[in-house]
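Reader: I've got a sequence and a model open on my screen. Could you walk me through what's worth a look?

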Amino acid sequence: METLGKNALTVLERRYLAKDEKGELIETPEGMLRRVADAVAEADKLYDKNADVKKTSDAFFELMSSLSFMPNSPTLMNAGKPMGQLSACFVLPVEDSMTAIFDAVKNAALIHQSGGGTGFSFSRLRPAGSMVRSTGGVASGPVSFMKVFNAATEAVKQGGTRRGANMGILRVDHPDIVEFIRCKSDLKEITNFNISVGLTEAFMHAVEADAEYDIIDPRTKAAAGKKRAREVFELIVAMAWENGEPGIVFLDRMNRDNVVPCAGEIESTNPCGEQPLLPYESCNLGSLNLMKMLKETDSGYELDYDRMGTAVDTAIHFLDNVIDVNKYPLAEISEMTLSTRKIGLGVMAFADVLFRLGVPYNSEEGIALADKLMGFIKARADEASAALAKKRGAFPLYEKSTLSGAPLRNATRTTIAPTGTISIICNASSGVEPLFALAFVRNVMDNDELPQVDPFFAEVVKREGFYSDALMRRIAREGTLHNIAEVPERIKRVFVTAHDITPADHINMQAAFQRHTDNAVSKTVNFRHEATKEEVSEAFMLAYKLGCKGVTIYRDGSRTGQVLNLGVKKEEKKGGAKTLPARITPRPRPEVTRGVTEKVVIGCGNLYITVNYDDEGICEVFANLGRAGGCPSQSEATSRLVSTALRSGMDVSAIIEQLKGIRCHSTLRQRATNGNIKVLSCPDAIGRALEKVVKMKEAEEKQRNPAPALEPAAEAEFDVTPRNGTIEPPSGAEDFIPCPECGSAMEHEGGCVICRACGYSKCG
């Protein structure tokens, strides 16, 4: 088993490894991978009763334990367990009737509970204001029903390990398209959806010609009016510029590549946009770790295509087996998925590989490498699928498909997914994204800033002879090498990050991978904060011209505080702007904080309380329970509210007064026999921790010492230990979205955000 990093272990323990009823870990990382390998290998028996399942399991285990390949999260979480739902991506139809709509809500809840994400097209729903014959009333329209789906998602936790995620798509020719484009202008609305506008070729031609296009009534399929295409396109651009949504998908292009049009029309994708699917279809994904496909020679690193080819063969076998051992949440999904047997093999660590090959991401050489690399994977995946078809048969709808040549086992074979937490497990950069930053800063209680540097960059800098902690801290603050004179130009050219790369370079790279991908490519096109709407428009048009199937953009600083849903929007009315009554908005979380973590014994075990502060005062609190269980949601809620109150300027003494003295029956019962328990509850412990830090700060001011030791009070209620720290964003990034679980900086990825410190992710 390959050695795992600290972040990988954190993610596995929190989200993947099996636990008992008390929340105690009962599985190791190696045990998890063996569980998955054994369960998936069992499918071989369906095709050969004498199959050497042990040999297959060992091959699967070796592929995963070497971190050469990792399947999507539901497979890691559920394979070999009673739930047994192994797919990440689903699309559900939403028909135009109340019964059908709420059937879709129920089905989505079942999928979210099992760890999957769902995509919907709301294009079949009649527009707002339409007559409903059965009741004599009027329809409320697609956006109102999206809010129903959103509320249902909020109520469902995905098996306790993943959060519900949805994609909502509306065709650009739907009568309610303008309301849809604007539906996420308030970031507190429809928070569990990514949204994309489904663009047609007719619409794009009308945009180019500055002409009108037809609006289509979804019930009659007849024209119901016209709109000026460029005005609608400019509204999409303006909203995407404002907060990153909506994205766009090219529906006709996706259906051009629909190999089974006999089974239906592609209407939607999964939440991150990389997997177009038919209604009721699902797909399981997996990604090769390109770092493991490198070999080191006397002249440097190079890609080992022989090793890569062998890995592709085993991965295709693995993913095809998943289809057979999967326990689908609905009979309709099982039937559709088994009829097409779609899989999606992709990659991760592309940015890491470019660094080692000395190839800039934003270069013609980088584009050429992407083209060659994905071309090889696509061809080898097709060969592996054809080989399986000879042994097991082609997918059932093959004869009715648009495919020609050798029969294939799988209707699609390749997908570029964002990889998210599985790339953290593999200690790799995500998908085909550039690196977010070369260095971060971790803060610990003694005010020290510990630079966390990309290991290969650190290796190169040390070899070149200009490494220093001070330089690494500066790189972490700047977020780029661009303005750092100490770094030679040849190194600056190779070690580019997301904010160094132009939108056009992002699109060119996405297009290179799309040319050799059956499904689609999840990719975030980053824009600097100062980018104009015209630049966003140019990126959308470039993506259209280069053959991309969709685009997600993010302008730096356009979504500050969204994860915590903070801030107040202005309400605009016709005839003038109406502003809501003045309210207090919390100040942004500081880029650099200082703080302490204290351990306190409560009735449920150990509670670890982190109190952070900056020059303006105490600004946040985190409370985490040990493995004994307890009420983690309660302590997390308390911490979030306290942190919000602190950054809103509330007097800390008033907060302490409200928290101290709150009692918990569990803690009080244990306190009667356990002399180590000196608090009344979790909130009481948080209040006391805040009080101690206030006293520490007062002593600090008196002594004019910027970093005093925290002296325990006479009663020594807490053990004071340095915390591991939180990852801070580079100052080059305009916004800071803190992870609600660990406080680290969140990265934007495929329309979602992810914390690479603890694995928390959220779409919408």
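Author: Let's start with the cysteines. Cys752 and Cys763 form a disulfide, with 2.0 Å between their sulfur atoms; the cut-off for calling a disulfide is a pair of cysteine sulfur atoms within 2.5 Å. One caution: this is a predicted model, where local features need pLDDT of at least 70, side-chain atom pairs count only at pLDDT 80 or more, and totals for chains, interfaces and linings use all residues. Residues are numbered from 1 along each chain as its sequence is written, and side-chain values use heavy atoms, with hydrogens and water left out.

Reader: Which parts does the Cys752 and Cys763 pair tie together, and how far apart are they in sequence?

Author: Helices and strands here are DSSP runs (H or I, at least four residues, for helices; E, at least two, for strands), numbered from the N terminus. Cys752 belongs to strand 31 (residues 752–755) and Cys763 to strand 32 (residues 761–763), so the pair links parts whose separation in sequence is 11 residues.

Reader: What hand does the disulfide of Cys752 and Cys763 have?

Author: Look at the torsion about the S-S bond of Cys752 and Cys763. That torsion is about 90°, so the disulfide is right-handed.

Reader: Is Cys752 buried or exposed?

Author: Buried means under 20% relative accessible area, exposed over 50%, and partly exposed in between (1.4 Å probe, protein chains only). Cys763 has a relative accessible area of 12% and is buried. For Cys752 the relative accessible area is 7%, so this residue is buried.

Reader: How many disulfides does a search of the whole structure find?

Author: Other cysteines are tucked away as well: Cys183 is buried at 9% relative accessible area, and Cys548 counts as buried at 0%. As for disulfides, the search of the whole structure finds one.

Reader: On to the rings. Why is the pair of Phe355 and Phe495 called tilted?

Author: Rings of Phe, Tyr and Trp (its six-membered ring) pair if their centres lie within 6.5 Å; planes under 30 degrees apart count as stacked, over 60 as edge-to-face and the rest as tilted. A search of the whole structure finds 18 aromatic pairs. In this one, the ring centres of Phe355 and Phe495 are 4.6 Å apart and the planes meet at 40°, so the pair is tilted.

Reader: How far apart in sequence are the parts that Phe355 and Phe495 tie together?

Author: Both Phe355 and Phe495 are buried. Phe355 sits in helix 13 (residues 350–357), while Phe495 is in the loop between helix 18 (489–494) and helix 19 (503–514), so the distance in sequence between the parts they tie together is 140 residues.

Reader: Which residues form one aromatic cluster with Phe495?

Author: Phe456 also pairs with Phe495, tilted at 35° between the planes and 6.2 Å centre to centre. Phe456 lies in helix 16 (residues 455–464) and Phe495 in the loop between helix 18 and helix 19, so that pair joins parts 39 residues apart in sequence. The cluster that includes Phe495 also takes in Tyr301, Phe355, Phe456 and Phe457.

Reader: What sits over the ring of Trp241?

Author: A charge sits over a ring if NZ of Lys or CZ of Arg is within 6 Å of the ring centre and within 35 degrees of the ring normal. Arg253 does this over the face of Phe250, at 4.8 Å from the ring centre. Over Trp241, at 5.1 Å from the ring centre, is the charged end of Lys533.

Reader: Which residues have the most contacts inside the largest nonpolar core?

Author: A nonpolar core is a set of buried Ala, Val, Leu, Ile, Met, Phe, Trp, Tyr and Cys residues joined through side-chain atoms within 4.5 Å. The largest one has 132 residues, and the most contacts inside it belong to Phe203, Phe350, Phe513 and Phe540.

Reader: Where do the buried residues of helix 17 lie around the axis?

Author: In helix 17 (residues 469–478), the buried residues are Leu471, Met472, Ile475 and Ala476. The arc is that of the directions from the helix axis to the C-beta atoms. These residues cover an arc of only 140°, which puts them on the same side of helix 17.
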